[in-house]
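Biologist: I'm new to this one, so could you take me slowly through a single part, a sheet and whatever packs on it?

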Amino acid sequence: MMHSQSDPVLWQRKLMAFLHDAPDKCFDIAGHEKAAARVQTQAGFADEEARRAIEKECKPADWFSSSAERFVFPKGECSHDFKKQPLFIHPLSSKHYPFPDGFAFRSGSHSEAIQTALGGIQTDDWHKRFFLYWRRWQENATAKDGNRALAFLPADTRIPDHTIWNHMAVTAALAPCIVNKEVRPELLLFQFGPVQDFIAQARSARDLWSGSYLISWLVAHAIKAVTDQAGPDAVVFPSLRGNGIFDALHREEYYAAQWKQGDDGQTQTTWERLVKDKGGKAKVADWLLTPTLTNRFLAIVPPGEGARLAREAQQAIRSELENIGDNVWKWLLDNGAKAAWKERWDTQLDAFPQTAWAVQPWLERETCLQEAAKLPRDNDNDESVADRITAMIKFAEALDDADKDTRCFNADGKLKNSGILWCAHYALLDAKLAARRNTRDFAQWNTVGATAAVKDSLSGKEECVGDEEFWGKLTKAHGQIFTAPSHRYGAMNLIKRLWWRPEEIGYLPQKLGLDDAVISKALRSDSTQDVAKRNSAESGVQGSASSNPYIAVLAMDGDQMGKWVSGAKTPAFLDQIPPKAKDYLKGAAKLRRLLTPSYHLQFSEALANFAMHKARDVVEAYDGDLIYAGGDDVLAILPSTRAIACARALREAFKIDFEDGRMYPGGKCEVSCGIAVGHQNAPLQMLVREAQKAEKRAKKEYGRAALSVSLYKRSGEIIEWGCKWAGGALDLMAEITGLTDAGKLSGRFPYALAGLLRPYALELARPDELKAMLPVVQAEVRHVLSRQGTGLEDKERGPLEAKIGGYLKACWSPEGSGPGGSAEDAGRRTQDPGRQGQGPRTRDQGGGQARLAGTLAPQDPGSRAQDSESQERMPRPLDFINLFLAETFINRSRGED
């Protein structure tokens with residue numbers, strides 16, 4: 001049974017478990033216990049006898065954590081001297097962290113930085129003390145440029161792909177799970193929704209941001225309901241350390257603790273110190289106001305507590321939404337709402353949050369493996385979860401008896417600690433949640449009131465709150481908020497519009513402790529017109545003084561993130577260990593690194609680093625506004641001329657391995673991106689949904705690691721185009737833009753090319769017919785270039801023709817990647833049996849068929865098979881035309897409609 005939140009015994013044990021190792025252990029493994037004892041004493045365990053007793057009680061958590069995260073290395077055969085060769089290996093990409101020259105020789109100063117990083121805590125509350133050690137110790141120790149590398153001190157030098165900091169956190173999370181000297185954790189997986197549909201219901205950029213932020217805000221309260229009792233270390237993902245929203249919820253509770261500042265006796269609160277570290281109030285607003293929490297979390301909780309904590313998380317969401325709703329409703333009452341409408345208001349709030357959760361108790365070895373073996377196999381992987389664990393166990397138990405560490409094995413030679421079964425338990429838990437989410441609950445929907453009301457203008461589902469008289473007065477009195485006088489809203493979209501506004505409700509600013517002016521500046525644009533004004537000055541067919549009134553919504557999502565989280569894509573085991581261990585364990589050449597708690601922690605940390613430290617900077621560097629950055633998931637609004645370049649930059653940032661003392665997802669991870677471009681006056685929620693559809697098309701139509709674009713002309717036609725990141729198509733597009741802006745290539749080039757190729761009806765040709773037509777099309781391309789590229793120099797014309805020719809062949813060849821890629825990484829496609837040999841169809845915004853010279857969209861994804869690996873390759877000739885049409889539409893769109 002879990003101790004109460006205020007019970008100091010719980011937090012003493014968790015703090016002791018957190019401090020069971022000294023972070024600088026890798027510098028002096030033989031003396032690490034003495035170093036840990038010094039840290040423990042400094043943290044408040046002054047009584048030596050009591051300190052030893054609590055340390056002994058927490059030992060099972062350390063053993064379990066070590067078993068879950070490492071391999072049972074043979075005694076003395078796989079050691080690695082960190083001081084001679086500092087080594088940390090990226091847990092996803094297997095890249096080695098670039099420790100500074102001479103790093104290990106400064107171990108004394110590094111140890112001092114670690115020891116003194118938290119010397120100023122002034123609190124007698126063990127709960128607060130634990131929270132601050134978890135939250136601030138690593139951050140303080142690594143704050144200076146010379147200490148950045150301390151973030152990558154390994155927990156075990158023999159398998160240095162997880163940090164000591166994360167091992168400490170896992171051990172602390174397991175401390176409350178000890179029952180009769182055995183660790184019996186329970187895993188809780190919680191999910192909240194709906195997300196995408198709710199966020200997309202937006203008329204303005206701030207509506208988009210507000211909906212995204214409200215989701216993160218409510219999820220943060222659900223997480224806090226768990227962490228208040230189990231500790232913030234208990235949440236495995238998303239990464240909480242340094243998350244602005246999660247920090248904000250503890251601003252008055254824990255961050256009011258006083259710290260000593262310097263030698264003059266001055267003090268400051270932890271929150272004041274956080275604000276200073278972030279660069280002051282202006283910078284801290286970006287940190288606090290960026291929605292960065294996903295709608296799903298995984299937590300380690302004590303046995304038998306998962307269901308109760310899940311229900312408390314549900315209640316926390318409900319309570320916070322009620323608090324927000326009460327504040328907004330009070331404002332509505334002050335502005336003419338009638339008390340009789342409150343029933344409809346409450347009913348709609350009750351219907352909004354949909355939550356699902358699952359709990360997985362810890363199972364004994366044989367039971368666990370039997371249950372894991374029953375899980376459905378992934379068609380893309382030869383090995384199941386049970387196969388991977390069984391293979392690793394067999395390899396470990398087959399080691400020579402003389403080399404086995406007797407602490408890890410029973411007398412019969414079998415592994416004695418069940419921590420190695422982490423990945424099987426996560427797989428079982430994930431399957432449970434999937435089954436629960438597929439079991440739909442259908443509650444009867446009762447219309448409130450005797451007469452029906454107008455539907456919400458954004459959702460089209462709920463009835464609006466209020467009558468016409470109320471809305472007439474409201475939109476007249478607050479036209480700066482309700483900019484569309486004809487629009488009517490239900491409860492959730494009213495909350496989205498109002499709850500954050502400092503000049504009206506003030507609920508969120510007060511919770512965050514931010515000034516009105518700071519919030520207004522941090523949120524940047526509200527109108528899409530403001531975004532469109534940032535288009536590149538050189539774009540626009542009427543000259544540099546003209547403006548381009550088109551904007552882009554960008555939706556990015558990581559590829560196969562489920563497989564990364566499940567452990568299906570973990571690196572080869574031998575890639576994660578030092579040379580000596582690799583040589584001894586070469587028999588494990590076919591084994592993959594098992595999924596571990598620290599892997600989960602570090603993966604979520606890498607995603608959080610991208611979201612918190614890269615996404616906003618990249619988007620704003622391209623004159624855009626970041627709406628949401630939840631790990632691998634990004635939503636942004638940009639001027640149309642900068643959107644594709646921004647997408648490429650986001651992908652490059654995502655694939656960074658290490659930078660400035662932080663770890664990012666790395667070179668083996670990929671993303672796909674969808675972009676919807678439309679006029680600044682187009683419905684924003686339509687562009688959001690189309691960007692999300694384009695992102696899905698990039699994954700399904702182009703085989704992931706791809707970009708897909710949908711361009712909406714005001715006349716109703718749509719251009720759809722896409723390519724693989726690595727295929728060269730985007731470089732070709734960028735070159736076309738540069739040559740056209742320089743006046744060397746006519747802006748009419750795409751239309752002239754489309755006009756010449758239209759009579760060939762490429763969309764109707766069979767693959768064998770396309771092959772025969774290739775020389776003809778190549779000749780037409782050369783002809784158009786000769787007429788429309790009169791400004792090209794010889795040194796420019798040849799390379800341009802070669803790039804266009806290479807892209808043409810890629811689009812024409814079934815064996816190639818299709819648009820912009822290589823045969824190796826292409827997506828697969830099928831032909832619709834009813835349209836044998838036909839290419840993509842055109843469509844208009846009404847969903848009908850449209851025939852327009854060259855503006856031909858890829859076939860509707862709904863008519864294709866979902867399993868890309870089972871589909872045949874087929875050529876995509878119209879992507880060749882649409883690259884040029886897309887480029888000119890994005891950069892010179894005004895004047896074409």
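Modeller: Gladly! Let's start with helix α25 (residues 643-654), which lies across β10, β12, β15 (671-679) and β16 (706-712) and runs at about 20 degrees to β10. This is a predicted model, where local features need pLDDT of at least 70 and side-chain atom pairs count only at pLDDT 80 or more, while totals for chains, interfaces and linings use all residues. Residues are numbered from 1 along each chain as its sequence is written, and side-chain values use heavy atoms, leaving out hydrogens and water.

Helices (H or I, at least four residues) and strands (E, at least two) are DSSP runs, numbered from the N terminus. Contact means heavy atoms within 4.5 Å. Axes are lines fitted to C-alpha atoms, for helices over the stretch in contact, with angles from 0 to 180 degrees between N-to-C directions.

Another helix, α24 (residues 597-621), lies across β10 (550-558), β11 and β12, at about 160 degrees to β11.

Now the sheet itself: six strands form an open sheet in the order β11-β12-β10-β15-β16-β17, and the pairing is mixed. Two strands pair if DSSP finds at least two bridges between them. The edges are β11 (625-630) and β17 (718-724); each has a single partner strand, so one side of each is left without a neighbour in the sheet. From one strand to the next, the twist averages 15 degrees.
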